[in-house]
Amino acid sequence: MSGTDDKATGVQAFVPTRRTVLVLGAAAASTVVTVRPALAQTAGSVLNCEIPVPGPHAGGNFIAQDGSLVAPGTAGAAPPLARPLRGEEVRNLLRTGATPAGVDPTSAQAYANYIRRLQAGMSGFTCYASLQMPR
Amino acid sequence: MRHRLSLQIGPVAFRIGSAWKAPLDALARLYASYPAPADGLADFTVRLEPEKPWRRFFRPSVAIQGDYILPDAAPLSLAHGLLAAEMGMNLQMALGQKRYLLLHAATVEKDGRALIMTGESGAGKSTLAALLGERGWRLMGDEFALLDMDNGKLLPFPRAISLKNGAIRVMEAQVPAARFGPRLTGTPKGEIRHLIPNAHAIERMQEAAIPALILFPRFGEAAAVRGVGAAEVFMRLTQASTNYVALGRRGFDALTRLVSTLPALAIDYPDTDTALGLVEDFRQELAA
Amino acid sequence: MRNAALLVRALRDPASVRDCDWSGLVSAARAEQLIGSLAFRMEGRAVPARVASIFEGARRDAAHARTQALWEAEMARRALAPLGVPAILLKGTAFHAAGLEASVGRSVGDLDILVPKASLDAVEAALVGAGWERMKEKGGYDDDYYRRWMHELPPLIHRTRDRMIDVHHTILPMTARPKPDAAALIADSVTLDNGLLVLSPADMIVHAAAHLLADGDLAGGLRNLWDIDRLLRQFAAADPDFWLTLSARAGQHGLARAVHRAARLANDLYDTPVPEAWRTWNGLDPLFRARMLARNGWGQESRKALRFAFYVRSHWLRMPPLMLARHLWIKATRPRASA
Amino acid sequence: MAGPVYIADEEAELTSVSLDGLCLLFHAPSGMTHIVATPAPEILAMLRSGPADAAELLRRLSAHYAFEGEAAAGALAARLEELESAGLVRRA
């Protein structure tokens, strides 16, 4: 369905022999995509996981609408959730915006954004990654 | 551990220990026709433990533990202990398997040529694999495809097929009741019932096959077929692999070889009969 | 397999391991993060085919861990190069960068670096500019706690590589009783051929011993002690005066007790050659030994009470009692249920 | 004004496979795989002949290519920054 150049030619294969037009792209458009480990994603078979919002590393902090952590009591920010969210609740929240039971709907977006910003090493990340996963 | 069981599935042996008897009894029934590991050893260890010491008897809560663990995994109720054991084995594969390039995909084989099906949630690859397995194809696995990086072949990993919700009824209409595990209701993934692969699939679970076609099925749309470019296939498969990055150069070489030699198609299908028909057409085209 | 003695024996004397509880050995080694080291120790020896294949996978994993660790170090070096500040690699990354015996099969988690305390702000800003992000809200209690009392910045995590970096300014929390001489650690650091910096041999041992015995609760203790065994053997073989240097250096950092105990435990468990004068008897050593071995053949933690005792000890070592009480009070009364 | 001068890794550090007009790169020092589009492979190839800043690189590229648009220098600087954050080029 598609061909492969000889590997031995390497990136030198991209130096042309005659003058062609090279499009350098807009300053903002990206030309490099890096493959990230999908390690946790396929652990999606273990969908029964939980995400504390926020994680224990940020215990007590409130969550701003953009998902960042702010000092407790900050106006307009959402308080920490009393219980971790289950995988399925998070999936529904992220896909359809459905608010999990017992969660204040006006804060749901802040929680969703917090979860979107999770990274490896943070509590809940493997669960979040698994929800991104096919299946 | 108080209760223990060893299982050999394809090239991989598991040792499962449990604080309770029931989950292992259910597991032993599901895998009764599989051979025990010939060497008595295990590639991976799974443990089903009480979440807290007192949760062995009081509101039993099964934590999934083992050689490799997922910190965010939530415990299951004892009634879902069989599911916990299955999840524990999946987890060991997803996090610990480094001998093969592991793809989150279903695979079936006919005439030595294997079909890899991978796709998003609800795409129906498990159901398609289960159905094909009843119609002359050999089921190699509904969950993980194992690619041997040395020779480019696929190894079978024919675990019990985890059927969910609607797929359970589809298969119950086609397969004798004796090949089903218990009906698990109210699990975090809805209703689940395991289907034991047929004898053919289990007898040949050490037999590799040459990959011939990659399919990205999608259920619920009007029937359509389109070719998928190799670079896109590459990207999608890296995201469907738990160990691609960890395998380094070997993984890169194996996956680029796979995507540049195999055709890949995205298929939309409104019902399973349409999908099965398309797959049969592809097979005949490839054989021609 | 009731405890990790088989794992320790396999590491110490691979030839002695023939018919054994192989699955138990593998599970215990995985749980103690020693599977890579064990796989290299057992390389070329007659083991069952399945175990050989597990070890082969572990050796490949170790190669990947090494690549990743050195790449993180290189990316941090690039980010900090414009500052002209010494950034010294610590722990596993340092072993790999220096190609030490201790790096063979060694897994590496976070990247740990040591910088002068006066440069902390500039280093943090440069890392944030190069794609690392704070995991804790700046100015929150945890963040504040780290900055006032810990020997490191709150951890940063890289936005695209998902790897953490711990930026240290000394090797023990400020609240711990020993006060290591951070300036001397930096002044005597060694520049490698590849331009990266590591601690001097004696300081590497002092840091490993401090990390093992004066800081945490001995979780992962067998691996850390294996590091110490490999380092002591290599350094003592290369320098006849090494033990004298080490003794003086441990005293200078106020860590003589930890270094001596680490040497005794390494000698006891891994047969590390240690001078006669260092092999004194200590009544608590058996407890440390038992705690190190508290892992069974299913990979489970055993000896719960002993583990708990060491956990309590770790807090005691880190903080004066009043401060500990305040810390626990704030952690306990946060406006949310525990995770 | 002179921008930063960049260096590319040795050619042996990169394995590349081109598929569908994209270039899959395996970068040995990091163990990472990058999928890059034009003009990233061209830039890497041009940097092989020695360190260069954006202006010098533009001169080298001009020997082989014509450019569309006037903002070539700015776009090229942006591409170099991307390659730098992926670790494929570094500052001299």
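I counted the elements of chain A and found four helices and six strands. Helices are DSSP runs of H or I with at least four residues, strands runs of E with at least two, numbered from the N terminus. Along the sequence, I read the order in chain A as β-β-α-β-β-β-β-α-α-α.

I noted that this is a predicted model, in which local features need pLDDT of at least 70, side-chain atom pairs count only at pLDDT 80 or more, and totals for chains, interfaces and linings use all residues. Residues are numbered from 1 along each chain as its sequence is written, and chains are lettered from A in the order in which they are written.

I looked up burial next: of the 135 residues in chain A, 56% are buried (under 20% relative accessible area, with a 1.4 Å probe and protein chains only). I then took contacts (heavy atoms within 4.5 Å). Of those in chain A between residues at least 6 apart in sequence, 59% join residues at least 24 apart.

I turned to strand 2 of chain B, residues 12–18, where seven of seven residues are buried. B:V12, B:F14, B:I16 and B:S18 lie on one side, and B:A13, B:R15 and B:G17 on the other. In a regular strand, side chains alternate between the two faces of the sheet.

I checked its partners, where pairing takes at least two DSSP bridges. Strand 1 (residues 3–9) of chain B pairs with strand 2 in the antiparallel sense over seven bridges, and B:L5 stands opposite B:I16. Strand 3 (residues 44–50) of chain B pairs with strand 2 in the parallel sense over five bridges, and there B:V46 is the bridge partner of B:I16.

Terms used: Side-chain values use heavy atoms; hydrogens and water are left out. Buried means under 20% relative accessible area, exposed over 50%, partly exposed in between (1.4 Å probe, protein chains only).
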